[in-house]
Amino acid sequence: QPGITTRYRLATMNHLATRYHLATRYRLATRYRLATMNHLATRYHLATRYRLATRYHLATRYHLATRYHLATRYRLATMNHLATRYHLATMYRLATRYRLATRYRLATRYHLATRYHLATRYHLATRYRLATMNHLATRYHLAT
């Protein structure tokens, strides 16, 4: 019986050692699995955060670009509007000047024509008077 007891004891120790070994391996495998899962979760979390940050960054850049684009378009539209108004004002001013100059030129022409007309009438009247006086003087001279 001492041999059986020893064998039983050895078998029991072997059995316990095997169980301990398996338990240790299971525990290590579980830890490794948890560590791997944690690692993957961390990587996924970081990737998600990076993706969100990238999206946010792009959205911000797009938003700023859109605002800049709209501001530029607004500025150009305003400048164009002001340029058009300035252009119209300049054209109006030039048209007014031209109209006034034309009116002045016409008035001057009319004034000169009137003066010329009056001078011509006066000149003709004077010549007629002189001719009449000359005619009468000639008639008187002949009568005398």
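Let's start with T90, which counts as partly exposed because its relative accessibility is 22%; buried would mean under 20% relative accessible area and exposed over 50%, with partly exposed in between (1.4 Å probe, protein chains only). What you're looking at is a predicted model, where local features need pLDDT of at least 70 and side-chain atom pairs count only at pLDDT 80 or more, while totals for chains, interfaces and linings use all residues. Residues are numbered from 1 along each chain as its sequence is written, and side-chain values use heavy atoms, with hydrogens and water left out.

So where does T90 sit? You'll find T90 in helix α1, which covers residues 2–143. The protein chain has one helix and zero strands; here helices (H or I, at least four residues) and strands (E, at least two) are DSSP runs, numbered from the N terminus.

Now step back and take in the overall shape. Along its principal axes, the C-alpha trace of the protein chain spans about 210 × 10 × 5 Å. The radius of gyration of the protein chain is 60 Å, whereas a compact globule of 144 residues would come out near 15 Å. That radius is taken over C-alpha atoms, and the globule rule is 2.2 Å times the number of residues to the power 0.38.

What about the surface? Of the 144 residues in the protein chain, 0% count as buried.

T90 and R73 are 17 residues apart in sequence, and their C-alpha atoms are 25 Å apart in space. A89 is also part of helix α1, and A89 is partly exposed because its relative accessible area is 30%. From A89 to Y68, 21 residues apart along the chain, the C-alpha separation is 31 Å.

Finally, look at Y140, another residue in helix α1. Is Y140 buried or exposed? Y140 is exposed, because its relative accessible area is 62%. Y140 and Y68 are 72 residues apart in sequence, and 105 Å lies between their C-alpha atoms.
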